[in-house]
Protein chains: 2
Amino acid sequence: MAKNLVVGQSGGPTAVINGSLYGVISEGIKSKDAIGKVYGMVNGIQGFLEDHVMDIEAELSPEKIELIKTTPGAYLGSCRFKLPEDLSDPVYDKIFEQFKKYDIGYFFYIGGNDSMDTVSKLSRKAEELNYDIRVLGEPKTIDNDLIKTDHTPGFGSAAKYVATTVREVTLDANVYESKSVTIVEIMGRHAGWLAAASVLARKYENDNPLLIYLPEVAFDEEKFLKQVEAAFEKNPNVVVCISEGINDGNGKFVCENASDVGVDNFGHKMLTGSGKYLENLVKAKLGVKVRSIELNVCQRCSSAMLSKTDQEEAIAAGRFGVQAGIKGETGKMIAFQRKAGDTYEIEHSLEDVNEICNEEKTVPVEWITDDGSNIAQAFIDYALPLIQGDVEIPMENGLPKFVYRK
Amino acid sequence: MAKNLVVGQSGGPTAVINGSLYGVISEGIKSKDAIGKVYGMVNGIQGFLEDHVMDIEAELSPEKIELIKTTPGAYLGSCRFKLPEDLSDPVYDKIFEQFKKYDIGYFFYIGGNDSMDTVSKLSRKAEELNYDIRVLGEPKTIDNDLIKTDHTPGFGSAAKYVATTVREVTLDANVYESKSVTIVEIMGRHAGWLAAASVLARKYENDNPLLIYLPEVAFDEEKFLKQVEAAFEKNPNVVVCISEGINDGNGKFVCENASDVGVDNFGHKMLTGSGKYLENLVKAKLGVKVRSIELNVCQRCSSAMLSKTDQEEAIAAGRFGVQAGIKGETGKMIAFQRKAGDTYEIEHSLEDVNEICNEEKTVPVEWITDDGSNIAQAFIDYALPLIQGDVEIPMENGLPKFVYRK
């Protein structure tokens, strides 16, 4: 009798985290010889422990399953639940009791660094217990900061959102003749991939964004103000794009100069307000009209700016993962390797999840130019293929039609 | 010899202010018998005074003219320039010298309240001078606050953006099980039309946004906190939509309460919005996870969420205006009247611009329900036809293709 499959989602959503889910579900359902039932864990490993489990085929019509791939958010719900380092902690016994209860032989976890940490621990625990289960990680993060993969699903759509929105904000900023500064704050605490994608908005020489700052290079306020003044020579309306995590090079975030910051339950600092801080700085020091725009969660949940390439890759990674599981792979993350040559093409690989979790891939410093204020052509060549193609979203009564769990 | 036409744009852009421009330009070009050249004033009446004038057909290919209607921002540039009340001010002579220089017989100004004020003054001055020119106003404003018209071009697309984005933000907010509050700040200082449009995001009973607050009803912090707590009974993730202009009913904006919001390291007070203020309030008083999202200029410059109905109406209003000018009308604004009956249909009317400028249309208080925290079905019936239909945006290399003046 074929073992069952369970899939879960963890961490912050991306525009295609449900694309990966769709890939796993649809391939799981198709693989009748190898896989029995396809279950979803509601609210990740935390919900699984509380027995929140969904029998996908019993509860969802084929039409609803199709809608999953264009629905924002994490369809199964998410959690932020860090498993203990000590594999003898009783929580592991509870998880494996659940695996046993549902006769699970395949577990797929879709997420970023922290989710790969969960995959690592559960695959090691399974080995220790000699429990027959394949534990695999499906990558997702708009931050694009996972190592051993060319990029991560979710980055392409977020990059397309950022580039499109910055292009539109630039047109909005250009309408007046008087000097102005518009600061756009983009997600990314330690890795500036997404803020770098704002360079794709440029359409002609001296087009905005004229200045782009990433966390990979120390941010200096005096230098920044001089660079803004120099930018006015090119365009009276200067658009500046920053990563939320720009810092002084010694770990102090620019926004810490401004307001209280909290800490999430992984010990990560919760950031907000680097853009607002610079807005006040420019107003005080340069005396020009200035506004700041925080793209906020829209950059990870907009369905209108889905990249077809990103969505297709997310689905394909889900499917590839299921096939790898059937072949007996475990403790691995599905990764993307770009083939050499002029045409963009990727192939999948399986990477040891133990080497991936708790590591971060940042933007190569040689891709950051003009004294830390610009992005090199090499990044453009890297990112452009990832935002290609559009996805038609089913509409109903003038608004996008999504699928809901409740 | 046929007189020439000049068209200008003023105030903040909308997603379809260039649709109206396209309507005026294309109808002007087509009307060879009545109209000579079609000029654009660059940066509105202010640029016109500085002789920034564009000969549309000489400078723009037909392909570029077509692209105008899907390009965000104000293609001709904008200004905020209020003409003096005293019609004997010398600035009027300068403007009429410019009209003479370019042999202008038709002047179209696309804008909101302040632009209609310009139309009013210039049409009155023309009468005083017995100068043969037809001065007409083309309405635009995402705020939907012009009187004597069912609605204004720009509102439908902004409403579609707001409803879509709130639906997506809700899916993003729903991923975790623990209690959370998401506050979405929407444009509108005195009129809450756009924040009201967030009600369209709801898909099922007790779906978000669970609370909506407009400037038309006095905002009370204690009542608000009680309403948030009551909303948790329906959904652990509460999305609250507010107009930026919510106030205490005596003209004091909620954001003005933010005295203790924060000070940067120069001692400057950090200016903050109403959403950020309420975020801090909820965090302090209810102790739950809370974030605020300011939709900012994206709600007026997003091309991806253009309403086909809105765009077509903006273009049609531009064309109707040119025909009205040819028939000799002046000192009027092109307005929209909704026909009675079950099917949505509008017809144009010409309204005296003197009665429109400096007036504001707010949301009827009977459309605001549940002790100031909800929106009635009557509003939904009013707004739903305005967001219908999608516009295909020309794409190039994964991003929207727009037309640029420079």
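E355(A) lies in helix α13 of chain A, which covers residues 353-356. The model is a predicted one. Is E355(A) buried, exposed or partly exposed? Inside 10 Å there are 13 C-beta neighbours, so E355(A) counts as partly exposed.

## The seven-stranded sheet of chain A

Chain A holds an open sheet of seven strands. The order is β3-β2-β1-β4-β5-β12-β13, and the pairing is mixed. Which strands form the edges? They are β3 (53-55) and β13 (346-352) of chain A, and each pairs on one side only. From one strand to the next, the twist averages 30°.

At one end of the order, strand β12 (residues 332-338) of chain A meets β13(A). The two run antiparallel and are joined by seven bridges. One residue pair can be picked out: Q337(A) has E347(A) in β13(A) as its bridge partner.

## Helices on that sheet

Helix α12 of chain A, residues 308-326, packs on the sheet. It touches β4, β5, β12 and β13 of chain A. Its direction makes about 165° with that of β5(A).

How many of its residues are buried? Twelve of the 14 are, and α1(A) is mostly covered. Among the buried residues are I17(A), L21(A), Y22(A), V24(A), I25(A) and E27(A).

## Strand β1 of chain B

Why is strand β1 (residues 3-9) of chain B described as largely enclosed? Five of its seven residues are buried, so the rest of the structure largely encloses it.

β1(B) pairs with strand β2 (residues 35-41) of chain B in the parallel sense, over four bridges. Within this pair, V6(B) stands opposite Y39(B). Between the two strands the chain passes through helix α1 (residues 17-30) of chain B. This β-α-β crossover is right-handed. β1(B) also runs parallel to strand β4 (residues 104-111) of chain B, with six bridges joining them. Here L5(B) stands opposite Y106(B).

## A four-stranded sheet in chain B

Chain B has an open sheet of four strands, in the order β7-β8-β6-β9, with parallel pairing. β7 (211-213) and β9 (289-294) of chain B are the edge strands, and each pairs on one side only. Neighbouring strands are turned by 15° against each other on average, direction ignored.

β7(B) and strand β8 (residues 237-243) of chain B run parallel, joined by three bridges. Y213(B) has I242(B) in β8(B) as its bridge partner.

## Where the chains touch

How many residues does each chain bring to the contact? Chain A gives 54 and chain B gives 54. On the side of chain A, several elements each supply at least two residues: α7 (155-173), α10 (274-286), β11 (289-294), α11 (298-301) and β17 (399-400). α7(A) gives the most, with nine residues. The residues on this side of chain A divide into 27 nonpolar, 17 polar and ten charged.

Definitions and conventions. Residues are numbered from 1 along each chain as its sequence is written. Chains are lettered from A and ligands numbered from 1 in the order in which they are written. This is a predicted model: local features need pLDDT of at least 70, side-chain atom pairs count only at pLDDT 80 or more; totals for chains, interfaces and linings use all residues. A residue is buried if 20 or more other C-beta atoms lie within 10 Å of its own, exposed if 12 or fewer, and partly exposed in between; C-beta atoms are placed from the backbone. Two residues are in contact if their C-beta atoms, placed from the backbone, lie within 7 Å. Ala, Val, Leu, Ile, Met, Phe, Trp, Tyr, Cys and Pro count as nonpolar, Asp, Glu, Lys and Arg as charged, and the others, Gly among them, as polar. Two strands pair if DSSP finds at least two bridges between them. Axes are lines fitted to C-alpha atoms, for helices over the stretch in contact, and angles run from 0 to 180 degrees between N-to-C directions. A crossover is right-handed if, with the strands pointing away from the viewer, the path from the first strand over the helix to the second runs clockwise.
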